[in-house]
Amino acid sequence: MNNILKDENKRLNVPLIEQRADPYVYRHTDGKYYFTASVPAYDKIILRCADSLYALRDAQEKEIWHRHESGDMSEHVWAPELHFINGKWFIYFASSRKDDIWRLRPYILECLGSDPMKDEWVERGMIQRSDDDIYSFEAFSLDATVFENNGEWYYVWAEKVSVGIQISNLYIAKMESPTKLSTAQVLLTTPDYDWERRDIWVNEGPAVVKHNDKIFLTYSASATGEVYCMGMLSIDKDADLLDPREWKKEKKPVLCSNAELGFFGPGHNSFTKLPDGTDVCMFHARTYRDIVGNPLYDPNRHAFIMKVEWDEAGNPVFDYKNMIL
């Protein structure tokens, strides 16, 4: 039995891409898959492109932006996401300063052409909050994602409250443009449960997947070692997305570490589809528990992919048995 389990472990926990944390995958309208992620040195933004999800493993990687030598965007380049909005390519990411390494703020790059792998990228500065918002992005802010629903675009991000004990919450706002919000922040979720408060109190890394008439928003909780895990919110697509009372929060995590199968600290995921319409979740995890030093600087968070199953109630099921190699 132990030998069988060992073989199963070896089969399941093979990463698609090694040493790429906070993985983000996007399938464009032409069928091509794009991939970006945090690199271990946290010093640049990379892109890969391939004709299939599996081919991303061996696709040539291109650096499309490098951190500044000083000032804003000079340290901790984290969690880039590639989005195509109104016919243009944008990358949303967070970065800090060498003279203040925890001053994380959300920034934007825009591609000046139609090919994100070949054309020039330019900086568009920080995302701009709405004119009536005096609070957003005044403290540690990161992990922004954007999504469209019923013709409106929404921006979701993690931010620590700027006073007292700094707890990382998730906020949502409607977008006026790819670079500016049109509404003030609304609190979506704060770490309510024990599994969101292990070592540090954290909700971060939002990602959106839609199914039938519902929107599901996964997120990551707790510190970035073995206790890191995925939680989930959901809402009807025709509800008021800016009303936190309309969102349902799961009381238990939807994906946790599994020592038998060799997955530790699963989280910060994204979603895409296979050509046949099958939903896929890409997430990062380690294949070992014990970490020397600060988990943030351990390079071995790898990008894995699993098929998403849907239960009879139309809710996503995340199960390591559905890993894709």
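**Figure 1. Strand S11 and its pairing partners in the predicted model.** In this predicted model, strand S11 is mostly covered, with seven of its 10 residues buried. S11 pairs with S10 in the antiparallel sense over seven bridges, and within this pairing Tyr-154 stands opposite Lys-174 of S11. Three bridges join S11 to S13, and these two strands also run antiparallel; here Leu-170 stands opposite Thr-189 of S13. A further two bridges link S11 to strand S12 (residues 180-181), again in the antiparallel sense, with Ser-177 standing opposite Lys-180 of S12. S11 and S12 form a hairpin that has two residues between the strands.

**Figure 2. Gly-164 in the loop between S10 and S11.** Gly-164 is placed in the loop that lies between S10 and S11. Its relative accessibility is 68%, and because exposed means over 50%, Gly-164 counts as exposed. Gly-164 and Gly-265 are separated by 101 residues in sequence and by 27 Å in space, taken from C-alpha to C-alpha.

Figure 3. Thr-189 belongs to strand S13 and, at 2% relative accessibility, counts as buried. The side chain of Thr-189 makes a polar contact of 2.8 Å with the side chain of Asn-203, and a polar contact of 2.7 Å joins the side chain of Thr-189 to that of Lys-249. Leaving aside residues up to four places away in sequence, Thr-189 touches Asn-169, Leu-170, Glu-196, Asn-203, Tyr-219, Leu-233 and Lys-249.

**Figure 4. The largest nonpolar core and the contacts of Trp-247.** The largest nonpolar core has 27 residues, and those with the most contacts inside it are Trp-78, Phe-147, Ile-172, Leu-188, Leu-217, Leu-241 and Trp-247. Two or more residues of this core come from each of strand S5 (75-85), strand S9 (141-149), strand S10 (152-160), strand S11 (168-177), strand S13 (186-189), strand S15 (214-221) and strand S16 (229-236), and S15 gives the most, with four residues. Trp-247 touches Ile-172, Leu-188, Leu-217, Leu-233, Ser-234, Ile-235 and Leu-241, when residues up to four places away in sequence are not counted. A second, separate core of 20 residues includes Phe-271, Cys-281, Ala-285 and Phe-304. In soluble globular proteins, nonpolar side chains tend to be buried together.

**Figure 5. The open sheet that contains S15.** Four strands form an open sheet in the order S14-S15-S16-S17, with antiparallel pairing. The edge strands are strand S14 (203-211) and strand S17 (248-249), each of which pairs on one side only. S14 and S15 pair in the antiparallel sense over seven bridges, and in S15 the bridge partner of Val-208 is Leu-217.

**Figure 6. Glu-81, a buried acidic residue without a salt bridge.** Glu-81 lies in strand S5 and is buried, yet has no salt bridge; the nearest side chain of opposite charge, that of Lys-210, is 13 Å away. The side chain of Glu-81 does make polar contacts, one with the side chain of His-83 at 2.8 Å and one with the side chain of Thr-145 at 2.7 Å. Apart from residues up to four places away in sequence, Glu-81 touches Tyr-24, Thr-36, Phe-90, Ile-91, Tyr-92, Ala-144, Thr-145, Val-146 and Pro-206.

Figure 7. The structure holds 20 salt bridges. Arg-20 forms one with Glu-61, the closest N and O atoms being 2.7 Å apart; Arg-20 lies in the loop between helix H1 (2-12) and strand S1 (21-27) and Glu-61 in the loop between strand S3 (44-50) and strand S4 (62-66), so the pair ties together parts that are 41 residues apart in sequence. Glu-61 also forms a salt bridge with Arg-48, with the closest N and O atoms 2.8 Å apart, and because Arg-48 lies in strand S3, this pair ties together parts that are 13 residues apart in sequence. The side chains of Lys-98 and Glu-69 meet in another salt bridge (4.0 Å, N to O), where Lys-98 is partly exposed at 38% relative accessibility and Glu-69 is exposed at 64%.

How values were computed:
Residues numbered from 1 in each chain as written. Predicted model: local features only at pLDDT ≥ 70, side-chain atom pairs only at ≥ 80, totals over all residues. Heavy atoms only, no water. Core = buried A, V, L, I, M, F, W, Y, C linked by side-chain atoms within 4.5 Å. Buried < 20%, exposed > 50% of the residue type's maximum accessible area, 1.4 Å probe, protein only. Contact = heavy atoms within 4.5 Å. Pairing = 2+ DSSP bridges. Lys, Arg positive; Asp, Glu negative; His and termini not counted. Polar contact = N/O pair within 3.5 Å; in protein donor to acceptor, adjacent residues only side chain to side chain.
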